[in-house]
Amino acid sequence: PGLVIAALTFGHLPAVFIPAGPMTTGLANDEKAKVRQLYAEGKVGRAELLEAESKSYHGPGTCTFYGTANSNQMLMEIMGLHTPGASFVNPGTPLRDALTREAAKRALAITALGNAYTPVGRMIDERSIVNGVVGLHATGGSTNHTIHLIAMAAAAGIALTWQDISDLSEAVPLLARVYPNGLADVNHFHAAGGLGYLIRELLDEGLLHEDVQTVWGEGLRPYAVEARLGEDGSVVREAAPLVSGDEKVLAPVN
């Protein structure tokens, strides 16, 4: 959120956000929670607690539960500030590196020196802010963003209130069950279809504004995709799956 506010302070410049992606899956969330409970009850010691925590948070990237960091990555993509399909690719992989290179090239392509000038202050409007709120509700994201989104909107000159967020919650279904709102982690969410699937579902039901400007160009529909690594090492994209890989983790709207 702070980076969005900073970017909007210099709204005449383009801004492409580049996510780290989540670390690979470690100790299962229910196992981690069990050890924490046993420690609280005095039934295991600090060594066992530290071992469980180390197995849970064991590598580079955001933690795998759906807290504020991963909610941030979702928001940046659904608001059009990431390149499509970038949010939940693990660090240290060829695809993650290819996405980072592509994002840097895209940032250069949308400056005032080219033909696709996309200043962030023109890009972020009421529609993209509403899309962020819808994404937060549909994924069961961090409640911290009920504060962060209001601040980001204000930096764009938009008045967003808690009542607005509450009103949108009445219309938007919860589609994802990711820890702590379920047992799955964010890698399971991505494997089940991820943001590409979720964005397509919400667009098809008229729950997202499709007519937005993004760092990728016109419209949000190009974000209903999965990113893959091409044979030449570049990023290729294909349509998000029509069917969820696991409806207990990522459900359709209907």
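**Close-up views of a predicted model**

View 1. Let's start with asparagine 187, which sits in helix α10. Helices here are DSSP runs of H or I with at least four residues, while strands are runs of E with at least two, and both are numbered from the N terminus. This is a predicted model, in which local features need pLDDT of at least 70 and side-chain atom pairs count only at pLDDT 80 or more, whereas totals for chains, interfaces and linings use all residues. Residues are numbered from 1 along each chain as its sequence is written, and side-chain values use heavy atoms, with hydrogens and water left out. Is asparagine 187 buried or exposed? Asparagine 187 is buried, with a relative accessible area of 13% (buried means under 20%, exposed over 50% and partly exposed in between, using a 1.4 Å probe and protein chains only). Beyond its neighbours within four places in sequence, asparagine 187 is in contact with Pro22, Met23, Thr24, Thr25, Thr64 and Asn90; contact means heavy atoms within 4.5 Å.

View 2. Look for the bond joining tyrosine 179 and proline 180: it is cis, with omega about 15 degrees. Proline 180 belongs to the loop between α9 (162–169) and α10 (186–191).

**View 3. Helix α4 against helix α8.** Helix α4 (residues 68–78) packs with helix α8 (residues 145–155) at an angle of about 40 degrees, and their axes are 12 Å apart. That angle makes α4 oblique to α8. Axes are lines fitted to C-alpha atoms, for helices over the stretch in contact, and angles between N-to-C directions run from 0 to 180 degrees. Under 35 degrees counts as roughly parallel, over 145 as roughly antiparallel, 65 to 115 as roughly perpendicular, and the rest as oblique. On the α4 side, the contact is made by Thr68, Ser71, Asn72, Leu75 and Met76, and on the α8 side by His145, His148, Leu149 and Met152.

**View 4. Helix α7 beside helix α8.** How do α7 and α8 run relative to each other? The axes of helix α7 (residues 126–139) and α8 come within 11 Å and cross at roughly 170 degrees, so these helices are roughly antiparallel. Ile129, Gly132, Val133 and Leu136 of α7 meet His145, Thr146, Leu149 and Ala153 of α8.

**View 5. Two domains of the chain.** The protein chain is divided into domain 1 (1–22 + 63–239) and domain 2 (25–58), with bounds from an automatic or database domain assignment. Their contact takes 8 residues from domain 1 and 6 residues from domain 2.
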